[in-house]
Amino acid sequence: MAYSCIQCTKFVNSRQEALLCGGCNKWQHRKCSSGVSREIYRKAVQTGDDIPWQCGVCSNTRAMIPNFESTRNEGN
C-alpha cells in the first residue's frame, strides 16, 4: 500500500525515515519538520523502540482539548 507524507505529500517508501502519527495514523518523513532528529530516529530503529510522535495537526488539536486527568492526593 502506498502512503503520502502529510507534510510534503510525496510518496513515503520503506527505505526512508518516516514516522507514523499516533493521532491520525498518517505518515510523515522525519526530515519534513517532524521535530525528531536523525540521531533519535536511528537509535530507535537500532533498539527497536517506538517513537511516540504526533503530527502538527494532531498535537495542536490535543493541546486545545482540556486535560481532566485526576491526580493522586498524597497524605489523604
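**Figure 1. Tyr3, a partly exposed residue in a predicted model****.** Let us start with Tyr3, which counts as partly exposed because its relative accessibility is 38%. Please keep in mind that the model shown in these views is predicted. Tyr3 belongs to strand β1, which covers residues 3-4.

**Figure 2. Tyr3 and Trp27 form an aromatic pair****.** How many aromatic pairs does the structure hold? There is one. Its partners are Tyr3 and Trp27, with 6.5 Å from centre to centre and 50° between the planes, an arrangement described as tilted. Trp27 sits in strand β4 (residues 27-29) while Tyr3 sits in strand β1, so the pair ties together parts that are 24 residues apart in sequence. Like Tyr3 in the previous view, which is partly exposed, Trp27 counts as partly exposed, here at 27% relative accessibility.

**Figure 3. Glu17 and its surroundings****.** Now we move to Glu17, found in the loop that runs between β2 (11-12) and β3 (18-20). Is Glu17 buried or exposed? Glu17 is buried, because its relative accessible area is 17%, and the cut-off for buried is under 20%. Which residues does Glu17 contact once its neighbours within four places in sequence are left aside? They are His29, Arg30, Arg38, Tyr41 and Arg42.

**Figure 4. Glu17 and Arg30 in a salt bridge****.** Side chains of opposite charge can pair when their charged atoms come close. In the salt bridge between Glu17 and Arg30, the closest N and O atoms are 2.6 Å apart. This pair links distant parts of the chain, 13 residues apart: Glu17 is in the loop between β2 and β3, and Arg30 is in the loop between β4 and α1 (38-47). The side chains of Glu17 and Arg30 are also joined by a polar contact of 2.6 Å. Arg30 counts as buried, with 16% relative accessibility, and Glu17 counts as buried at 17%.

**Figure 5. Glu17 and Arg38 in a salt bridge****.** Here the closest N and O atoms of Glu17 and Arg38 are 3.5 Å apart. Arg38 lies in helix α1 and Glu17 in the loop between β2 and β3, so this pair ties together parts that are 21 residues apart in sequence. Arg38 is partly exposed, as its relative accessible area is 45%.

**Figure 6. Arg42 and Glu17 in a salt bridge****.** The side chains of Arg42 and Glu17 meet at 3.3 Å, N to O. Distant parts of the chain are linked once again: Arg42 is in helix α1 and Glu17 is in the loop between β2 and β3, 25 residues apart. A polar contact of 3.3 Å joins these side chains of Glu17 and Arg42 as well. Arg42 is partly exposed, at 43% relative accessibility.

**Figure 7. A network of salt bridges****.** Which residues make up the network? Glu17, Arg30, Arg38 and Arg42 are linked in it. The structure's salt bridges come to three.

**Figure 8. The largest nonpolar core****.** How many residues does this core have? The answer is seven: Leu19, Cys21, Val36, Tyr41, Trp53, Cys55 and Cys58. One of them, Tyr41, is also among the residues in contact with Glu17. Cys58, another member of the core, touches Cys21, Gly23 and Cys24, when residues up to four places away in sequence are not counted.

Conventions:
Residues numbered from 1 in each chain as written. Predicted model: local features only at pLDDT ≥ 70, side-chain atom pairs only at ≥ 80, totals over all residues. Heavy atoms only, no water. Core = buried A, V, L, I, M, F, W, Y, C linked by side-chain atoms within 4.5 Å. Buried < 20%, exposed > 50% of the residue type's maximum accessible area, 1.4 Å probe, protein only. Contact = heavy atoms within 4.5 Å. Phe/Tyr/Trp six-rings, centres within 6.5 Å; stacked < 30°, edge-to-face > 60°. Helix = DSSP H or I, 4+ residues; strand = E, 2+ residues; numbered from the N terminus. Polar contact = N/O pair within 3.5 Å; in protein donor to acceptor, adjacent residues only side chain to side chain. Salt bridge = Lys/Arg side-chain N within 4 Å of Asp/Glu carboxyl O.
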